[in-house]
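Morning, everyone. Please look at the model on the screen while I talk. I'll go through it one place at a time.

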Amino acid sequence: RNTNVILGQRTRLLYGKDHITDTLCGVRFDLSPHAFYQVNNPGAERLYGVAEEYASLTGEETVLDLYCGAGTIGLSLAGRCKQVIGVEIVAQAVENAASNAQKNGITNARFLCADAVQAAKRLAAEGVRPDVIILDPPRKGCEAALLDTVAGMSPQRIVMVSCNSATMARDCKILAGKGYTLVRCRPVDMFPHTAHVETVVLLSKGEVDSKKIRVEFSLEDMDMSEFQDGATYPQIKEYVLEHTGLKVSNLYISQIKRKCGIEVGKNYNLPKSEDSRQPQCPPEKEKAIREAFKYFGMI
């Protein structure tokens, strides 16, 4: 067909087995020709490790794994949650996933062969309320109807694994409009020396009633220079280190601030005694700090 689908609808076995077997994250997987699988095994283990980290499982969660393929992500998490429900539209992949669960002695996982949108609606109608939803969509990203259904199920956390950062950003923006906040994001270089990376993001459901928030804090002993216009000391240090490889101290930053006529908080640069002598900022570090000031619009 004139699409991006590589394989045809029928597969004929000429010799040997009709699947290959691989081990990933301690789980053995049988894979049919039509099942999706990451070809970079060490990279995939790192990728799924990030997904597990973001899922923050305690053993009590119901995890819904959409676009689950042969069950690689869901089955790798099964030992750390209450149950896993996987959804995949490719029948052979679903058969692989169910078989993989059985062969690995995983009893808290089930898999549905269905379109992700319809399956999510079906589960919602059954009263399934997942705590965590894993999304691993194709390059085109998630359908709008699926994102509506996912948000309607109100999981505490959504972990998205994407091979296309552009569609990922689009989908995150849509979920943000439905009450979810992008908390963390990490790329994983699955395809070295190419422009492609896999990206994992964590979105969290915000359920805080602003009318019931009580905040208590004290200004005592606080360095108010951090609240001035421009960059903070840590931001300046980070910029200088990233662009020049130089490490600069609060003392040096304060000295150059004074040279540039920028107000300095009183808690910085105070000597322990009246006759103590302070080291002066070296020229190369002064130049780097001034460049940081220019970058942050402070001078």
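**Around D30**

The side chain of D30 makes a polar contact with the side chain of K103, at 2.3 Å. A polar contact is a pair of N or O atoms within 3.5 Å; within protein, one must be able to donate a hydrogen and the other to accept it, and residues adjacent in sequence count only if both atoms are side-chain atoms. D30 also has a polar contact with T21, side chain to side chain, at 2.7 Å.

A word on the source. This is a predicted model, where local features need pLDDT of at least 70 and side-chain atom pairs count only at pLDDT 80 or more, while totals for chains, interfaces and linings use all residues. Residues are numbered from 1 along each chain as its sequence is written, and side-chain values use heavy atoms, with hydrogens and water left out.

Back to D30. Where does D30 lie? In strand 2, residues 27-31. Helices (H or I, at least four residues) and strands (E, at least two) are DSSP runs, numbered from the N terminus. Is D30 buried or exposed? D30 counts as buried, because its relative accessibility is 8%. Buried means under 20% relative accessible area, exposed over 50%, partly exposed in between, with a 1.4 Å probe and protein chains only. Setting aside neighbours within four places in sequence, D30 is in contact (heavy atoms within 4.5 Å) with residues including H19, A70, N96 and S99.

**Helix 5**

Next, helix 5, residues 144-153. Its buried residues are L146, L147, T149, V150, A151 and M153. Their cover includes strand 3, helix 4, strand 6, strand 7, helix 6 and strand 8. After helix 5 comes S154, with a positive phi near 55°.

**Aromatic rings**

Now the rings. How many aromatic pairs are there? Three. Rings of Phe, Tyr and Trp (its six-membered ring) pair if their centres lie within 6.5 Å; planes under 30 degrees apart count as stacked, over 60 as edge-to-face and the rest as tilted. Y239 and Y295 are stacked, because their centres are 4.6 Å apart and their planes are at 25°. Y239 sits in helix 7 and Y295 in helix 9, 56 residues apart. Y239 is buried at 15%, whereas Y295 is exposed at 56%. Y239 also pairs edge-to-face with F296: 5.8 Å between centres, 65° between planes. F296 is partly exposed, at 28%. Ring pairs link Y239, Y295 and F296 into a cluster.

Last topic: pockets. On a 1 Å grid over the protein atoms alone, a cavity is a set of points where a 1.4 Å probe fits but cannot get out, and a pocket is an open set with protein on both sides within 12 Å along at least five of seven lines; lining residues have an atom within 4 Å of a point. Grid points are joined across faces, edges and corners, and a volume is the space filled by probe spheres set on the points.

The largest pocket has a volume of about 1600 Å³. It is lined by 37 residues, and V5, H34, F36, V90 and P138 lie nearest its centre. The second largest pocket holds about 270 Å³. Its lining has 14 residues, and helix 3 gives the largest share, four residues.

There is one cavity of 30 Å³ or more. The largest cavity has a volume of about 50 Å³, and its lining includes Y48, D65 and A70. That's my tour.
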